[in-house]
Amino acid sequence: MKHIAFLSFGKDSIAQLIKIKELGLPLDEVVYVDIRYTPEISGEHPIMAAWIPTAEKIIKEKLGYTVKRLSAQYSFREYFYRKKQKGAHVGEIYGFPFQVGAWRNSRLKLDVIKQYENSLHDEITEYIGIAADEVERMFTLRARATDKIHKRSVLCENNITERMAFDICKPYDLVSPIYNITARGGCWFCPKQRIYSVYCLWRDYPEYFNDLKTIEKDSRCLMLKTQSLEDLENRFINGYIPKQRQRTTGNFTPRRAANTKEVCIPACFEHEGYKTVKVKLYWFCPVCGKRRGKIKTVRSYDGSLCLFCDGWENPCGHVDKYDAVRDEAASNGLNPHYTEGVL
């Protein structure tokens, strides 16, 4: 079994690396997939790209890990102008990817990881930096596991949230300066980035923005899908400043309320027809990660005693038993004062 920690140099993956060291967990390699815009220009935001060598040095000196770099055969711009060999658009260049099923992530990152892991000819445990309050990503992670590739998040296992990840990184001077201007790092040419990030690129790195604006004219789809970069630039020139999402080190509020629900369930197996408890749950099936069903009032029987409480039928077909739901409520971090079986 080979243990590999995949590093993005964001707060979560670095916090996980620190916890792996502190907990003495097995680790054979630390791997970073270096996405390139061109062979000479990093795909990381320029602030992050400038900071990564410093972070690598700190990780080596304070944690004892050397970071292995992997890269795709071609850069983003090279793929952009490659012509399609099959499908409905044979002979056309790839251009900017669709937001759904985007070739950018698969060609420049996921395929690189897959090829590398296949070359190892061994069972692998992947450490992925997903925080405890990123439940959707955690379900996606579990769904991608195979008999050969095991996926693990040390942050989730230890109930470490995104806010807590910052606190873990700070003593090691391993909080990227990218968080001073944006909630997340990422490629500066990403079609899924927020308009404010594009605005900052136009304002601070006009040479990068202008290159994207130029190649967009050769692409079948726009970079941002809703408006061209040229139209967006005209709006910036006329004084439009997009709203910035406040989610940085100084003002960090995870958006998870829409993914949770409060339900009234039997407080214990022998509820005697009246013992209930209200708990919060992540509204995703713990088996497959799909959304749970619509809440409705149901009857729960304890012998001949009837209790009215909340119930739901999951569209995926997996059944949530109240015993399992109580265990989940006691361990999901949403009910700090609740212990299963205690009213």
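This section describes the overall make-up of one predicted chain and the surroundings of selected residues.

The model is predicted, so local features are reported only at pLDDT of at least 70 and side-chain atom pairs only at pLDDT 80 or more, while totals for chains, interfaces and linings use all residues. Residues are numbered from 1 along each chain as its sequence is written, and side-chain values use heavy atoms, with hydrogens and water left out.

The chain contains 11 helices and 9 strands, assigned as DSSP runs (H or I over at least four residues for helices, E over at least two for strands) and numbered from the N terminus. Its C-alpha trace extends over about 75 × 45 × 45 Å along the principal axes. Of the 343 residues, 47% are buried; here buried denotes under 20% relative accessible area, exposed over 50%, and partly exposed the range in between, for a 1.4 Å probe and protein chains only. The accessible surface is about 18100 Å², with 49% belonging to carbon and sulfur atoms; areas were computed by the Shrake-Rupley method with a 1.4 Å probe, and for residues only the protein chains shown count as cover. Among contacts (heavy atoms within 4.5 Å) between residues at least 6 apart in sequence, 66% join residues at least 24 apart. The chain carries 53 positive and 43 negative charges, whose mean positions lie 4 Å apart. Lys and Arg count as positive and Asp and Glu as negative, without His and the chain ends; the charges are placed at NZ of Lys, CZ of Arg, CG of Asp or CD of Glu.

Helix α9 spans residues 206-216, and its buried residues are Tyr 208, Phe 209, Leu 212, Lys 213, Ile 215 and Glu 216. These buried residues pack against α2 (46-63), α3 (76-80), α8 (195-204) and α10 (229-237).

Lys 151 belongs to strand β5 (residues 149-152) and is partly exposed, because its relative accessibility is 24%. Beyond four places in sequence, Lys 151 touches Glu 126, Leu 141, Arg 144 and Ala 145. With Glu 126 there is a side-chain polar contact of 2.6 Å; such a contact is a pair of N or O atoms within 3.5 Å, where within protein one must be able to donate a hydrogen and the other to accept it, and residues adjacent in sequence count only if both atoms are side-chain atoms. The C-alpha atoms of Lys 151 and His 3 are 9.9 Å apart, at a sequence separation of 148 residues.

Arg 292 is located in the loop between β7 (276-282) and β8 (296-302) and counts as buried, because its relative accessibility is 5%. Its side chain reaches the backbone oxygen of Tyr 282 at 2.7 Å and makes a polar contact of 2.9 Å with the side chain of Asp 320.

The structure holds 0 disulfides (pairs of cysteine sulfur atoms within 2.5 Å). For Cys 169, the nearest cysteine sulfur is that of Cys 156, 15 Å away. For Cys 285, the nearest is that of Cys 316, at 3.8 Å. Cys 169 is buried at 0% relative accessible area, and Cys 285 is buried at 1%.

Ile 181 lies in the loop between α7 (162-169) and α8 and is partly exposed at 25% relative accessibility. Leaving out residues up to four places away, Ile 181 touches His 45, Ile 47, Tyr 196 and Gln 244.
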